[in-house]
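Have a look at the structure below before reading on.

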Amino acid sequence: MTDAISSLPTQLPPARRRAIPPDVAAARVRRRYASERTFKALGFGALALTAVFLVALLTSIIVKSLPAFSEHRAVLSVLVDAAIVDADGKRNADAIRAADYASLTRAAITAVIPGIEGRTARKALNGLLSSGAADDLRDRVIANPSIIGTTIKTPMLFSDDVDLYLKGDTGRHTAALGAAELTPSDVKGDITLTAANQSFAALIADLEREGVANDAEAGAHVLDGRIPSRVVYINGGAVKVVKATANTLAGPVLLPLSSVTPAQAGSWNLTTYVQPESRRRISDQEIVFIDKIRSAGAIERGFNWRFFTSGDSREPELAGIRGALIGTALTLFVTLILCLPIGVLAAIYLEEFAPKNWLTDIIEVNINNLAAVPSIVFGLLGLAVFLNYFNLPRSAPLVGGLVLALLVLPTIIISARAAIKAVPPSIREAAIGLGASQQQAVFHHVLPLAMPGIMTGTIIGMAHALGETAPLLMIGMVAFIVDVPTSISDAATVLPVQIYLWSDLPEAAFQQRTAAAIVVLLGFLFAMNGAAIWLRNKFERRW
Amino acid sequence: MTVVYFTALALLTLTAYVLASRRSVALSATGVRMHSLPAYHGLLAISLVIAPMLLIWAVGTPLVSQLAASNALTNFPAEIRNDALQAGSALREIKNLAAGQHSGDVSDALRAATDTYSAWRTSGNFLLLIIGLTAALAGIATSLRMVSGQFRARNHFERIVRIVLMACAGVAVLTTIGIVASVLTETIRFFFDPNIKGRPGILDFLFGTEWNPQQAMRADQGDIKSAYGFVPLLTGTLLITAIAMCVAGPLGLLSAIYLAEYASPRMRRYAKPVLEILAGVPTVVLGFFAALTVAPYIRGWGEALGLDVASESALAAGLVMGMMIIPFISSLSDDVMNAVPQSLRDGAYALGATKSEAIKQVVLPAALPGIVSAFMLAMSRAIGETMIVVMAAGLAANLTLNPLDAVTTITVQIKTILVGDQEFDSAKTLAAFALGFVLFFITLILNIIALRIVRKYREQYD
Amino acid sequence: MENSTVDLSAIERVEAARTAHLTAGAKPAKVLAHDVNVYYGDKHALQAVNVEIPDRGVMAFIGPSGCGKSTFLRCINRMNDTIASCRVTGKITIDDQDIYDRSLDVVQLRARVGMVFQKPNPFPKSIYDNVAYGPRIHGLTANKAELDEVVQSSLEKAALWNEVKDRLQDSGTGLSGGQQQRLCIARAIAVNPDIILMDEPCSALDPIATAKVETLIDELRSNFCIIIVTHSMQQAARVSQRTAFFHLGTLVEEDSTKTIFSNPKDQRTQDYITGRFG
Ligand SMILES: Nc1ncnc2c1ncn2[C@@H]1O[C@H](COP(=O)(O)OP(=O)(O)OP(=O)(O)O)[C@@H](O)[C@H]1O
Ligand SMILES: [Mg+2]
C-alpha cells in the first residue's frame, strides 16, 4: 500500500509546480466530491438492499403463515347415539374407543342440509369435515362418557380445502338479481329453469366472450369447468347452470328447491363464481353446501391450537409441530450436554495448559478448518460412523444430537477460548501467588469469569444447531413420523426438517403450515440470539 | 441393564468420595499434616471408580452384543448366516422381537434365535455388571489405602484432569479423522472395489459429462444405464456459486465499507442487527423463500420478457444463496478493514485525499488479502450449502452455463442419493461419498488458503 | 476484636500448621541464592546472582528498569514457572531446602512465600472470599468460625479491618486502589507465609495510600521476611533494613540500607542513588 500512497500526488499536483486556473481546480474538486458522494451512496444502497432482502423474506413468510394460525369449524348438534357408541350399554372403554364416530359426524352434518340425494352429493357433503372431527368427538366422549345418548353441540373441524375456501378468495363471485319471472321444472335432479322472456341474453353474450360457442347438437351454450361457473339461487335451493339459451337454463340441482312455484323477478339470482371450477380444489356443489352451513350460522373461526399440540399428519388441517418441537428439544439436549463440557474443557486445555508445539498447532488449525466444513459432510460422517459402524438407531435424536454436537463444537471451542483469553492474567497470577495450583487458578477463578462469554458463545452455537437441516437428512431424520417422540432413541424429526418435508407437499394448506413452522423456528432463534446479546451486555466486563 | 449399571456407578462414585475424604479428615484430626485437601482424596477415589467402570462398559457392551448376535444366528441355516444382507435383516428381526416390536408372523427359528439372543445378552450384561463392580470396589480400596499425609492426591488428580482436558481437545481432531476416514474409504471402494457393479473409472468420473446414478435394481431393468460423470455437477455448483458471489460480493463489500468507514455509531447500531439476523436465518428458510417466492417471480419476469425460464432455475437458487452470504462477507471484511491502522488513513487524509479516495487507494489495497480470504471463505460456504439448492435447484444434471436453466449441485446429489432407502454397497451410494469427498476436499483447500492469508494478514498488523 | 481473647486457638492452629511442615529443629526462614542465572529464551536476564536474605525484616531491591529485579523476585516463589520461555539455573534455598528440587511441591512453596503484585489484583469476589481463598485451598482451617477468625486477623494485620468490617460481602474490586492493595496484602498474610514478596506494591497508589502500605510493611517486618522491589529510593530508605542494588542483570551490591545510601562501595550504586543514571 506504499504504492497506493505514492500514487496520491498525481491526483493532487503541488500548486507550486504548475499554476492551475482556479476554475479548473474548482471543477476538479467538485468532481472529486461528486465521486465521493456516489461512493457513499453505493455503500448505503448496498446496505439498504440487504435490509430490503431481509424485510421481503420476513414479510413474505409471515404473510404466508398467517392463515395457518386459525382454523374453521362447523358447530353442529350431534346425537351421541348410544346404539353406536356403547352398543352393549356397559360403558366398556375399548368398545367406546373403537366405535364408528364418523357415522355420527356424518349424521350431524346431514342434519344441517337435509334432502340431499345421490352418492356424489352425499360424498361431497360428508367430505366437508376433516377426518379429525370424528377423532375429536371420540376424545370428547372418552373424556366424558356421560354425554352418551344425549345431543351435544360441538365444533367439528373442516377439511383443509373448506378451510382455505373460507379464508381465501376462491369464492369470489358476482350476483345478478333475476329480472324476470323464472320457473323451475322440478325441485331436484336435472332440471330446466324457464324465464318469462329473453332475460339470459347478457349471459349468452358473456359466454361467447369466454369462448363458449353455441353447441348445435344440444341447441344451447354448454358450460364446462374451464370457465367461471354459474349457479342460480332460487326458491331456497341452488341449480348449477350447464346449458344456457336465451330464455332457459338447465343443470343439476345442487341444493333442493322448496317448490316449483315460479319465482318473481328479484327473488332469485344468478351468481357467477369467477374462478373456474377446474382451477380450484373445491367444487360448486361444496361451495353451495358451505354457504348453506354458513347462512345457518354454524361456522366458527378459532385459533389453531392443534398446530402446536399434535404431531405430523397426512391431512394438512390435522398436522402440527409438536412432534418436531419435542424432537428438536431432545436433539438439542443431546447436543448441549455433549458439546458444552467437551468444548469448554478443550478450550481450557488449549488456552491454559497446552504446550506450544506442533501437536497443539495441528489441533488449532484443525479446529479452525472444522468450523468451515460444509454441514452435509458432518451428515456423511454421522451416516458412515454412527449409523453404519456403531449401528445406532436411524432417525433418532441421539444420533442427530451427536452429529450436531460435532458440528458446533468448533464454534464453542473458539468462543470459549476467546472468553478465557479475555480474563486478565493478573487474576491467574494472584491465585498462583497464593499457592493455588494452575488448575485451581483456572477452575476457581478464570472459568467463572469466562462463563458469561462461554454461555454467549454456546447459545449462538445452539441457535446454529437449531437451524441445521442437511446433516439430519443424512441420518434419516426425514421419515414421516406421527408419534411424538419420548426418548432420545425414538424415531423423531426436528423443526427445520419438518419445514423441509412440508415445503415439498403440494397442498396449499401445507405451504401455509410450512410458513407457520418457520415463524415458530425464527421466533426461537430470535429469542436465543436476544438472550445471547442480553447476556453479553449484562456481564460484559471492562478490566 | 444400562440403567442398573449407571445407577451402580453413581452410587459407588458417591461412596468413594465420602469414604476417601472422611478418611482424610479423620487422619488430619489425629494430627497428621495432610498434603492434599480431603476433597482431592475424594476426587481421586471417584476417578478410580469412574474410569474403570466406563472403560469396562464401553468395551464390554459392544462385545456382548456381538457375541449374542453371532450365537443367535447359529439358529439359522448357513446360507443366511453367510449372506451379509440376509444375516443383517435376520438380526434386525431378532432385535425387534426381543424388544417386543415385531409385527407379523414369527418363525420357530426366529423365536429360538431371539431366545438365544436374549439369554446371551442378559448373562453377558450381568457379567459386565459384576466385573464393573469388582473393579470399582478395587478402586475404592486402593484409594483408601493410599490416603496418607504425604500422598499427593491433588497432583495425581490434576494429572487425570489434564488427560481428560487433552482428550476433549482431541475430539476435534478425531472428528476430522472420522470425516476423512469414512469419506475416503467409501470413495476408494467406489473407484477400486471389484465387487461393486457399475462403478466408473476415476477419469470417467472426473471428466464424464453425464450424471445419471440410477441403478438397475432388477435384472429386467438392465437397460438403465448409470453414468457417473462429475462435470455437470461441478459446473452446476460453480454456476450457482458464481451467481451468489455476484450478488454477495459487491453488496457485502460495499455494506462493509459503509459500516466500517461511513456509518455513524447509531447507524451501526441499527444496521449490524440486520446483518446478524440475516446471518442467523436457517438455510431451510431461505430455501423455502427461494422456491416459493423468488423462483415464481423470476419465472414471471422471464415470461414477461419472452425468456424461457426453468421453474427451478439456477438464478433463483443463486440469488438467495447470495443473500445468505452477504452477512458473511460483510462481517469478515468489516473486521479486516477495522484492522487497517488508522495511521495509514491519516497519511492519505494528510495529503488531501477525500474519504472515498482514502478507502479506495489505501484501505482497500491494505485490506485486500483479508478481503480475498473473506471471499474465499464465502465461496466455500456457498459450495457446501445444501438446503437452498435442495429446495430451489433441480435434480437435472444439465451441462449448461445458462442461469435460467435448471442445474444440480454436488450437495443436492449427495442428499438425493442418501435420503431414503439405500443399500450400502451399491455404486450409487458410494458415489455420494465420493461426491462428499470432493466437496470436503474443495472446501478444505479454500479454507486452508483463506485462513492462512488471514493469519498472515493479522500478524502484519498486530 | 472483642472475641479474640475468647478464641485465640484458630491463629495458633494456623501457626502450628505452618511450623509443622518445617522439618524438626529447622532454622528460621532465610533465603539463600547461589549463582542464579535466568534466561528468557536466549536472553540472559539475570547473571550469577548470589545473595543471602535474613529471616526477619525488610529487604529492598532497587535498580534501573529492566535490570532483573522482578525476575529475581519471581524466582523466589517460582512464579517464573508460568512463563514457558523462562529457564533458571543455580540454586535457591529457603531454610536449606532447595526450592527448585524436583520433589518439592511448588504449590506448597508458594504457600510459604506470598506475593503482592505491582497492580492490585483482587479477585472479583467478595472481600471475605478474597482473604479466605488461601486458607481454603490449603485447608488451614477446620470450620467456618476459624476461617472468620483468620480473615479478621489478616485484615487487621493489613490495617484494613476497620474500613471493611461492615462490608465483607462487597466485591473486592469495589475498593479504592490503596484499599485493594492492602486487601492483596491481607490475602497474602492469611496463608501465614514466612516470606512476602512485593513487586512495586505502591507504584499504582497515591501518596496517602502509599504511606499506609509503608506503615503496614513496617508493622509486618517483625513477623515476616519481606522482600520489596521499589523504584523509590526514599521508600527503600524508609522501609527496609537491607538493600540490594541490581544493574543490567547483575547484583551489584547488597548491604544494610544505611550503608548503601550513605556509603556505597560500588561506583554504579553511587551513580544510581545520586540520580546520575537510571
Ligand atoms: N516474560 C518475559 N519474556 C522475555 N523477556 C522478559 C520477560 N520478562 C522480563 N523479561 C526481560 O528480562 C529483563 C528483566 O526484566 P524484569 O522484569 O526483571 O525487570 P525489572 O527490573 O523488574 O524492571 P522494572 O523496574 O521496569 O519492573 C528485561 O530486559 C526484560 O525485557
Ligand atoms: Mg519489575
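This is a predicted model: local features need pLDDT of at least 70, side-chain atom pairs count only at pLDDT 80 or more; totals for chains, interfaces and linings use all residues.

Residues are numbered from 1 along each chain as its sequence is written, chains are lettered from A and ligands numbered from 1 in the order in which they are written, and side-chain values use heavy atoms, with hydrogens and water left out.

**Chain A as a whole**

Chain A has 21 helices and 13 strands, counted as DSSP runs (helices are H or I with at least four residues, strands are E with at least two) and numbered from the N terminus. Its radius of gyration is 35 Å, well over the 24 Å that the globule rule gives for 543 residues, so chain A is more spread out than a compact globule. That radius is taken over C-alpha atoms, and the rule is 2.2 Å times the number of residues to the power 0.38. Along the principal axes, the C-alpha atoms of chain A fill a box of roughly 105 × 95 × 40 Å.

Of the 543 residues in chain A, 50% are buried. Here buried means under 20% relative accessible area, exposed means over 50%, and partly exposed is in between (1.4 Å probe, protein chains only). Take the contacts in chain A (heavy atoms within 4.5 Å) between residues at least 6 apart in sequence: 73% of them join residues at least 24 apart.

**Salt bridges**

Over all chains, the count comes to 38 salt bridges; each is a side-chain nitrogen of Lys or Arg within 4 Å of a carboxyl oxygen of Asp or Glu. Here are three of them, with N to O distances.

| Pair | Distance | Accessibility of each residue |
|---|---|---|
| A:D136 and A:R306 | 2.8 Å | A:D136 27%, A:R306 17% |
| C:R78 and C:D81 | 3.0 Å | C:R78 13%, C:D81 38% |
| C:R167 and C:D170 | 3.6 Å | C:R167 29%, C:D170 37% |

A:D136 is partly exposed, while A:R306 is buried. Both also belong to a network of salt bridges that includes A:E71, A:R73 and A:E300.
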